[in-house]
Each structure stands twice: as C-alpha cells, then as structure tokens.
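Colleague: Could you take me through one spot in this model in some detail? I'd like to hear what sits there and what surrounds it.

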Amino acid sequence: MDNSDKLKLKSKLDKALTLQKEKQKLHLEQLSMSEEDRVIKVVCELVDDKDLYRRCSYKDKALYRGEANEMLVSNRGVFLSRKALVYGLKRYNCTGISVKKIILALSQMELLDED
C-alpha cells in the first residue's frame, strides 16, 4: 500500500468515524429527552415538513377537505385532524408514539385546543 492509498483509507475512516459520532450524539440526545419533549419534537417535524401536508390557509378554509394529507393554517396555529396525525406518524415511521400520547403531551403543555 503506497502513501496515496493510505491517505484515502485514512480519509474514509475519518468520515465514517465522524458520521458514527454524530449518529451516537443524536441517539444520546433522544434518550435523554423526556417523553413529552420527544412527542413535541415529532409533532414539530411533522408540521415543519413542507412536503408532508398540503397547507390550506384559514381564509381559504373552504378548500380544506379534512384529508389525511392536509392541514389548516391560521395566525392562531395549525389545525390537524387525527387522521392527519396518523398519516404523518406512518410517513415518518414513528413507532412508540401514538395519537393518544401526542394529545396527552400537548394537553399537559397547554398547546392543544381540541374541538
């Protein structure tokens, strides 16, 4: 093995170790999160994903059909149906988080306004 091959191998190993370090750091952060924080993080990711839901503005709410891939957005907040939550959780492959857990966590943090 010449020096060039050794440098390429070292570079690949450095990249792999850095990637593994970042993955372990993320996993450790998730483990140290409370259940409520983990649920809130998932909900924020669902709402922030521009490709997951079709966004209907509140002023054009006549266009909102209540489909699983839709959310209603107003200046007060975001309105998601249970069907939309289930859809988002399935698309994100969220295991261990149910709609009931989300509703409970959001209610306890006074972030939920059910109707």
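Modeller: Let's go to E70, which is buried, with a relative accessible area of 0%. Keep in mind that this is a predicted model. E70 lies in strand β2, which covers residues 70–73. Leaving out residues up to four places away in sequence, E70 touches Y53, R54, C56, L63, Y64, R65, L80 and A84.

Now for its ring. A pair of aromatic rings is described by the distance of the centres and the angle of the planes. The model has two aromatic pairs by the rule used here. In the Y53 and Y87 pair, the ring centres are 6.0 Å apart and the planes sit at 55°, so this one counts as tilted. Y53 is in the loop between α2 (35–48) and β1 (54–57), while Y87 belongs to helix α3 (residues 82–91), so the pair ties together parts that are 34 residues apart in sequence. Y87 itself is partly exposed, with a relative accessible area of 22%.

For a contrast with buried E70, have a look at another glutamate, E110, which counts as exposed at 72% relative accessibility. You'll find E110 in the segment after α4 (99–108).

Key. Residues are numbered from 1 along each chain as its sequence is written. This is a predicted model: local features need pLDDT of at least 70, side-chain atom pairs count only at pLDDT 80 or more; totals for chains, interfaces and linings use all residues. Side-chain values use heavy atoms; hydrogens and water are left out. Helices (H or I, at least four residues) and strands (E, at least two) are DSSP runs, numbered from the N terminus. Buried means under 20% relative accessible area, exposed over 50%, partly exposed in between (1.4 Å probe, protein chains only). Contact means heavy atoms within 4.5 Å. Rings of Phe, Tyr and Trp (its six-membered ring) pair if their centres lie within 6.5 Å; planes under 30 degrees apart count as stacked, over 60 as edge-to-face and the rest as tilted.
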